[in-house]
Each structure stands twice: as C-alpha cells, then as structure tokens.
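Please open the structure in a viewer and keep the selection tool at hand.

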Amino acid sequence: MALSIDAPLVKTPEQLVGIDALILPGGESTTMSMLLDTSGLRDPIGERLADGMGVFGTCAGMILCATEVLDGRPDQRGFSLIDMTVRRNGYGRQLDSFETDLSVDGLADDFHAVFIRAPYVERVGPDVEVIAVHDGIPVLARSGRCTVASFHPELTDDTRLHEAFIASL
Amino acid sequence: MSFESTGTFPVKRGLAEMMKGGVIMDVVNPEQAKIAEDAGAVAVMALERVPADIRRDGGVARMSDPEMIIGIQEVCSIPVMAKARIGHFVEAQILQSLGVDFIDESEVLTPADEAYHIDKMAFDVPFVCGATNLGEALRRISEGAAMIRSKGEAGTGNVVEAVRHLRSIIGDMKRITQADEAELFGWAKQLQAPLSLIQEIAKTGTLPVPLFCAGGLATPADAALAMQLGADAVFVGSGIFKSDNPSPRAKAIVEATTHYMDADILAKVSRNIGAPMTGIGMDENSVKYAERGW
C-alpha cells in the first residue's frame, strides 16, 4: 500500500506469522467464513485476536467482527470482537448501493465513502465508539483494537482511515 | 437525508471489485443456487439452461423467465446475476426492474442486434460483457461495462479458448505499456478502441475494470490456470452442474481459485471430486459463441 507499510495477503496459517495487524476486507462474508475453515485460518486468527492483534473489518469484514449478525447463513461464524448487531445486505441489493461524503470524527475534511450491498448497523454496545454516521446510522466504529466500517475505504485512494487504524494500534 | 449517489460507475465497479478472487457459478434453479452458495460462490448466474444444454438444444436462447430469477433471488443471500441477449436493452430493462445485481450481456444467448451492444451507461445496474481481445474489451468498457470476462467457449468444458482470449487481452496490455506516445495512436486504430482508454492502459498496465475469465472451465486446475494467467476471478458455467458430483467440485473450484499459486493445496482439493463434464474438442464444435459480439 501507499503508506510504506508491508501489506501481504494472508491465505494460509503460515502467512499469518509475523503479521502485526489484520485487515478483513470486503467480499462475500459467506465465502470468507467457508474459506476461514478450509484454509485452517480460523483458529490461528482467533488466537491472535484474543492476544490483542489489531483488526480493521470493512463491509464483509465488519460482519466477521460483529457479535450478532442478522440475515446471515446459519453456518456463518465470525470472531465476535465488537459489540454490535449488523444486518447483512441491510441497505439492500446492488441497485441500492451508493457513494456519499461522510463527516468522520478526527478527520478535518469529509471522507468519500462507497457502500456496496452494505451491512446495516442496527445496534451498538455501550463500549463501542461510533466515529461516523450516515443518516443517523453508525457506519464507522471502534472498540479497543478493532475498527469496523460498513463501507469500503479500500475502493478509494484516500488513505486517512488506514492511517488512523495504524495509529490506533 | 444526506446526499447519496446510486448507479454511478464507482458503485458499479465496486461490486465487481468485491468478487475478485472468487467464483461465479451458473445455476438453473433454487436448489443449485443453494449448493453454489454453500460451496462458497461469490455470486450466482441465474439462467434457464446451462450453456452445454443451450448448445445441445439449439434454437433461440433468450433471457430467463423472471419467475425463475425471482425464485433464485429468494433463496440466495449472495449477488444474483442474469443474462440478456447482446443488444437487447429491453431484456436488460426487465432484469434491472427485477433487481438483479449484475447483468451479463452474453454471447451465450442468441444476439438481438447485429450492430450495436446495449448502451450500458443508461442503466443503474452494472453490466459484465465478454471479450476475445483487448479491442473488444475496451469497446465494451466505453459503452459502460463495469466488468469484462474473457469469453472462452461456453458449454464445451474445454479451457483452450479461455486461455487464448485471456492471453490475447493481457498480452496486448503488456505490449501497450512498452509503446511510446506516438505508437498509442496506432494501437487505438488497430484495436478500434478509444485512445483515452489505450493511454490509461499505457500508464496502469491493466483494464480500468476487473477482468474475469469464463467459458470452458471445468476443473480446479482450470480455475487456477486462469488465475495464474492474470484473471481477477472466474465464471464456471456448465463445468459444475454437468459434472458427476457438483457440490464437492464447486467447493474445490472455490478453494483452487483462492489458493491458485499453491500446488499442494491444488493437489489436495482436486482429489475425490468425481468426473468432470465430458467436454468437447474445438474441432467437434460447430457453433462458436465467441464470434458473437462486435
């Protein structure tokens, strides 16, 4: 990435060794949940997260971090890192996907955010810090070393949220 | 309510970006759609007949019955794609009205217009289009396609055409990055493609939208081959539900697409998944779908 930070892909348990923090990116959370099991990554990642490894989950990654998922698949399992309830595809189908400018706590200027079949945050726990909202609904939040976004900072060239995540570690 | 923009190009391309590294599977009914989702597909393509059956039956192949598309949307939580005939913008309007997540303007269906493809800018839903070479890919992108798939030869279970088309598209992009400014005009003329897109490729070395591979993939090794050649993701059509044992094959192809560089994993997932579809050789193939589209 453009921040002078090594950002290797992690697809196997061996590739997790030496990683300081993890980004769980966008994609299909059902596919990611299946591949976490078949790759043997679920337990090693779970152990590292329990030891305090930082994580930034975006869209499907947010679903994998939330304590409660609505409209998910029954066999879909995440890491239960941040006390919130999210509804999968809660903003609707692709025709409801959108882009918008967000006011983000700690950033001087708005952040341009792209939402793709995004998860909808229905509840956040008392210990969760909400960093940005859209139409009154949390879309960027943090709890301890876990940051989650219902949009895709990886789809735009603006690196400020990645910088803030790294600074939070 | 704050300002939101829907149906923009970044929003269309964004969904294509989210499918990178994944497998999109052809399904003809809700049961197959569930099998595909269970196996880890990133999206399903809802159609009435897989290409191998369209090939066998002959006749005119059209957009699927909306009722079957709705039936698949109801059981699936992953994106649902559907096919419209080349140039048939009314089929596309109907698919958009149904709320499909992506439209494939597909040469597998019988073309409706021999001169023009659909004006994809006029739609809020994203489109994927096939291409056999870079010029075709860039013409589709200039019409508004948010994803390109190399065409291959659908319904054959034979990967050779997919490899040819992928190598042609990626090979020409590599050559364009070596060209000087003056030569880019020649490339635009030769490829019959917009100069601005050629100039963009000269800088980036890649298409401005994701490049997926389709048409003839039947095994986990085929999927990994496409990925190693430079595809961003794969479509598997007849290859799954025309095989002996679709569910384990579907899952193996998903794992192979993720771990495409790891031969040990490819060897492991390729075991005990039953026989692939029989497939047909190109010299036995009388109808080339890839020649449809212009």
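Select B:Glu161 first: in this predicted model, B:Glu161 is buried, because its relative accessible area is 3%, under the 20% cut-off for that term. The residue belongs to helix H7 of chain B, which covers residues 160-178. Next, display the surroundings of B:Glu161. Setting aside neighbours up to four places away in sequence, the contacts of B:Glu161 are B:Gly152, B:Glu153, B:Met282 and B:Lys288.

H7(B) contributes B:Asp172, B:Arg175, B:Ile176 and B:Gln178, while H8(B) contributes B:Glu183, B:Leu184, B:Trp187 and B:Leu191. The residues of this contact comprise four nonpolar, one polar and three charged.

Remain in chain B and select B:Arg149, which is placed in strand E7, residues 147-150. Is B:Arg149 buried or exposed? B:Arg149 is buried, as its relative accessible area is 3%. Display the side chain of B:Asp104 as well: a polar contact of 2.8 Å joins it to the side chain of B:Arg149. Beyond residues up to four places away in sequence, B:Arg149 also touches other residues, among them B:Glu105, B:Ser106, B:Glu107, B:Val128 and B:Cys129. Further residues touched by B:Arg149 include B:Phe212, B:Ala214 and B:Phe235. For a distance to check in the viewer, take B:His165, which is 16 residues from B:Arg149 along the chain; their C-alpha atoms are separated by 9.4 Å.

For the last stop, move to chain A and select A:Met62, in helix H4, residues 60-65. A:Met62 is buried, with a relative accessible area of 1%. Which residues surround A:Met62, leaving aside neighbours within four places in sequence? A:Met62 is in contact with A:Gly57, A:Met84, A:Val86, A:Pro119, A:Val121, A:Val139, A:Val148, A:Ala149 and A:Ser150. A:Met62 and A:Arg88 are 26 residues apart in sequence, and 9.8 Å separates them from C-alpha to C-alpha.

Conventions: Residues numbered from 1 in each chain as written. Chains lettered and ligands numbered in written order. Predicted model: local features only at pLDDT ≥ 70, side-chain atom pairs only at ≥ 80, totals over all residues. Heavy atoms only, no water. Helix = DSSP H or I, 4+ residues; strand = E, 2+ residues; numbered from the N terminus. Buried < 20%, exposed > 50% of the residue type's maximum accessible area, 1.4 Å probe, protein only. Contact = heavy atoms within 4.5 Å. Polar contact = N/O pair within 3.5 Å; in protein donor to acceptor, adjacent residues only side chain to side chain. Nonpolar A, V, L, I, M, F, W, Y, C, P; charged D, E, K, R; others polar.
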